[in-house]
Each structure stands twice: as structure tokens, then as C-alpha cells.
Amino acid sequence: MGKRLPNPRLAKIHRNYTVEETANLYEVHKNTVSNWIKQGLAVCGKKRPFLIMGRDLRVFLEAKRVKNKQPCKPDEIYCMRCRAPKKPAADLIEYKATTATLGNLVAICPDCESIMNRRVSLAKLKQMPCYLSITQSLEELHITECINPSVNSGLNIGEEHHA
Ligand SMILES: [Zn+2]
């Protein structure tokens with residue numbers, strides 16, 4: 001946590017690097033570079049010494065950076081008290097719409113029982129594994145909260161008055 005990631009731009013796109021050179025370049029341990037390879041960093045050839053394309057290094061480290069900015073997996077919410085992403089039980093997640101397309105996921109941390117919040121768009125929400133159980137509670141809310149009126153149009157709650 002809090003460890004700064006190496007600057008991807010240190011690698012020259014048209015150069016090849018051995019594991020050792022890569023470690024020196026980014027001032028990390030050789031084991032770290034081996035881990036990167038295990039995590040999917042592309043190497044040339046199947047046997048040691050591996051050669052790593054500078055271009056691949058950049059791509060890999062850039063992707064790692066982006067990932068680090070979003071520590072939560074799709075079904076996790078960051079708990080401020082535990083200071084870690086937590087995976088609440090699906091039946092503890094609630095979606096509170098703030099606009100027609102945006103809202104907050106509200107859940108209880110399974111470890112410390114404090115309230116966790118995560119801003120999410122409705123579109124994103126639909127990609128979440130927990131979506132199904134959330135929509136169940138959404139259906140209970142649909143008339144009063146009116147999250148997405150078009151979804152409710154089949155329910156005949158008197159919205160057919162287009163003049
Ligand atoms: Zn917690």
C-alpha cells in the first residue's frame with residue numbers, strides 16, 4: 001500500500017530488456033520483475049534469459065497504474081474505517097439513485113459494520129455481479145423512488161399522458 005509505481009516511460013519503446021536490466025531500470029528487485037511476468041507482462045521467447053520489449057513494459061506498467069487508481073473490484077466498496085475494499089454480502093447492498101443515471105451504492109462493511117458508499121452509474125451497476133440482488137430491492141422501491149421511469153412504463157401507474 002502507498003508504494004509508488006515505477007514510471008512506465010522509463011522504458012524505451014524500441015529496446016529489449018533482460019529481467020536484470022528491467023530491475024535496474026525501475027530500481028526494483030528482480031523478483032518484482034518475475035512477478036510482473038507472472039502477472040502477464042509479455043516476454044520474448046520461452047526460455048531464460050527472457051527479453052522484455054520496452055513497449056510491453058510500458059503497456060504493462062500503465063495498466064497497473066490504472067488498476068491501482070481503482071482499488072475496488074466491481075463488487076467491492078471501499079470501507080473508510082477498515083481502509084480497504086470490502087465485499088459486502090449482496091443482500092446488504094442498496095442502490096440509492098441521485099439522478100436517473102447516477103446513484104450511490106450503500107452497504108454495510110462485513111467486518112466493522114460501518115456504512116460504505118460508492119458512487120456508481122446505473123450503466124456500471126448493471127455490469128456488477130451483485131446487480132441481480134440489487135434490482136430485487138429496486139423493484140420494491142420503483143414506484144416511490146422512480147429510478148428509471150421508462151422501466152416502469154409497463155406497470156400502468158398513469159404515465160401515458162402524452163398530449
Ligand atoms: Zn469496515
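**Close-up views of a predicted model**

The donor residues of the zinc ion follow the sequence spacing C-x2-C-x26-C-x2-C. The model shown in these views is predicted.

View A. Four cysteines supply the protein donors through their SG atoms: C79, C82, C109 and C112. These SG atoms lie 2.2 to 2.3 Å from the zinc ion. The angles among the four donor atoms run from 103 to 114 degrees, and the site is tetrahedral. One of the donor residues, C109, has a relative accessibility of 1% and therefore counts as buried, the cut-off being under 20%.

View B. Helix α1 spans residues 19-26, and its buried residues are V19, T22, A23 and Y26. These four lie on the same side of α1 because they cover an arc of only 100 degrees around the axis. In general, an α-helix has 3.6 residues a turn, so residues three or four places apart point the same way. After α1 comes E27, with a positive phi near 55 degrees.

View C. Helix α3 covers residues 54-69 and contains K64. K64 is buried but forms no salt bridge. For K64, the nearest side chain of opposite charge is that of E62, 13 Å away. The side chain of K64 does make a polar contact with the side chain of Q39, at 2.8 Å.

Key. Residues are numbered from 1 along each chain as its sequence is written. This is a predicted model: local features need pLDDT of at least 70, side-chain atom pairs count only at pLDDT 80 or more; totals for chains, interfaces and linings use all residues. Side-chain values use heavy atoms; hydrogens and water are left out. Donors are N, O and S atoms within 2.8 Å of the metal (3.2 Å for Na, K and Ca); water is not among the atoms, so sites may look incomplete. Four donors count as tetrahedral if all angles lie between 85 and 135 degrees; four count as square planar and six as octahedral if opposite donors are over 155 degrees apart and all others between 65 and 115; anything else is irregular. Buried means under 20% relative accessible area, exposed over 50%, partly exposed in between (1.4 Å probe, protein chains only). Helices (H or I, at least four residues) and strands (E, at least two) are DSSP runs, numbered from the N terminus. The arc is that of the directions from the helix axis to the C-beta atoms. Lys and Arg count as positive and Asp and Glu as negative; His and the chain ends are not counted. A salt bridge is a side-chain nitrogen of Lys or Arg within 4 Å of a carboxyl oxygen of Asp or Glu. A polar contact is a pair of N or O atoms within 3.5 Å; within protein, one must be able to donate a hydrogen and the other to accept it, and residues adjacent in sequence count only if both atoms are side-chain atoms.
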